[in-house]
Amino acid sequence: MPTSYMKLPYEDKVLRPDALTAIALETGPVGFRLDIGLNYYRGLPLSAVEEFTLSIDGEQIPDHLLLFEFDGKLFPLSQLPLAFSDFWSVKKNLTVLVYQGGLKPGDHIVEIGLIMRCVYMQFAPGIWGQIDNSATRTLTLKEAA
Amino acid sequence: MNINGIEQGISLYSYNQRYVEQPSYSADTMFEELNKLGVQKFELVGACQFNEYPRPGAGEIDRILAAAEKHHVTPFSYGGYIDFGRITGHTPTDEDFILDLTADLMTARELGAAFVRETNIPNHLLPLAAQLAEYYGVSIGIEVHAPSKPSDAHIQEQLAAFEDIGSDRLGFIPDFGCFIERPTAPGLNQYINNGASPELLEYIIANRHSGISEADLLEQVRAQGGGQAERQAIADFFGFLSFGPADIDGFKTLLGRSLYFHSKFYYISEDLQDPTIPMRPLLEAITASSFQGVLMSEYEGHAFHNDDAQEQLGRHLTLEQNILNDLAPARV
């Protein structure tokens, strides 16, 4: 039986210190963007995302406010399982854009829950290995570019 | 280094710790490291190295080839995957396997690699795989990887299928991680550093081969206060760090159908000993066979977040050379 559950030790690259950036438009702060790295030794298709949650300072962001940006394309959470030809390599970030009105300047506790399917490791029909890409870090909000 | 027909190569996967963590660390950097170790042949793993997979763009392949030419190193083998779970909710079919295998053969050919390493091809597709390998001029090796052992029924069935097909384009790539006899000290320390209780780790090790299932052992350890670190240890010990008496006799049955070897290792001590994998019996078996080809060193200490690949690779190459030189007079 192959390994059923994996959490590799690359957790520090999931949420790097500069991962959280404010989004501002002419109207002022409108939200934030968060860059997420892969805690795995190889890349995976975006369709391997099985569960995703994001909390800021203990408050979970509703699914409908999560908008993912990857290779110039936008995906709502519900479309990630369909993105089987978009390859999330170990050198790339998956970015989530959240338009919730903006965050206060300073430090924020960022917690992501991210479980991915190990697309080459099947135990039984429909039962796949799982990769835990979750991480929690205190990040300082960068100003909008 | 070529000792009586056995040449040493390095899997670039060995450098994964820095490649994954450091944005600027590239194939070019790895090839510089190969030069320092005097190694020419390398294996590249597509899903690790490329930004697009299963089919990298021409630009990505060109960059690898240009860097290899610059450093006078050679792509010997290409590590592929069959990502048959790529499409969510889809039951994999033969077409899924054939697509990924074909993609890897294309990439291997573009790299100029003589071999592609695959993890998973159903036996009934092996005749087609042999034909595709012939078309592309690239041989296909199925990796024998922990927790599988050479004597396992499914490996022996695959061996019989290879013999039936009779193609030189198909064979095994035994990975020495199959022969781990006990967990390494650096590995156990990593679990302890992540919060595992040494007593619970010993309990897990003692019960790994007691007949208890992975799920039941996890429940028992949880009931004794185990958490995330113990859970990881159980998953590893039932998976890629599975351990037990080395299946050397089973290994010998594969030698006639082995294309090359993944000389996997986790830790080599300062006095050049591998406390985990019985290198001498493995190299004795290879030397006693008619094998001529490559031992591909593959460091996996980064599984424990150890950032010492170059030092460890140097020790591993020397350890292999010492054993091979010692065995050389016995070889006809």
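1. In what follows, Ala, Val, Leu, Ile, Met, Phe, Trp, Tyr, Cys and Pro count as nonpolar, Asp, Glu, Lys and Arg as charged, and the others, Gly among them, as polar. The structure is a predicted model, in which local features need pLDDT of at least 70 and side-chain atom pairs count only at pLDDT 80 or more, while totals for chains, interfaces and linings use all residues. Residues are numbered from 1 along each chain as its sequence is written, chains are lettered from A and ligands numbered from 1 in the order in which they are written, and side-chain values use heavy atoms, with hydrogens and water left out.

2. Chain A has 13 strands and zero helices (DSSP runs, E of at least two residues for strands and H or I of at least four for helices, numbered from the N terminus). The unreviewed UniProt entry annotates residues 11–120 of chain A as "domain: C-glycoside deglycosidase beta subunit". Over residues 11–120, chain A is 52% strand and 0% helix, with the end C-alpha atoms 22 Å apart.

3. The C-alpha atoms of chain A fill a box of roughly 55 × 25 × 25 Å along the principal axes. Of its 145 residues, 54% count as buried (under 20% relative accessible area, with a 1.4 Å probe and protein chains only). Among contacts (heavy atoms within 4.5 Å) in chain A between residues at least 6 apart in sequence, 74% join residues at least 24 apart.

4. For chain B, the unreviewed UniProt entry gives "domain: Xylose isomerase-like TIM barrel" over residues 31–310. Across residues 31–310 of chain B, 45% is helix and 14% is strand, and the end C-alpha atoms lie 12 Å apart.

5. The second largest pocket has a volume of about 260 Å³. Its lining comprises 14 residues, of which B:Tyr19, B:Ser26, B:Ala27, B:Gln49 and B:Arg63 lie nearest the centre. Helix 2 (27–37) and helix 4 (58–71) of chain B are the elements that give two or more residues to this lining, and helix 4 supplies the largest share, four residues. By class, the lining has seven nonpolar, three polar and four charged residues. A pocket here is an open set of points on a 1 Å grid over the protein atoms alone, where a 1.4 Å probe fits, with protein on both sides within 12 Å along at least five of seven lines; lining residues have an atom within 4 Å of a point. Volume is the space filled by probe spheres set on the points, which are joined across faces, edges and corners.

6. B:His316 lies in helix 14 (residues 309–327) of chain B. B:His316 is buried, with a relative accessible area of 0%.

Methods:
Buried < 20%, exposed > 50% of the residue type's maximum accessible area, 1.4 Å probe, protein only. UniProt positions renumbered as here; feature names shortened; annotations may be inferred.
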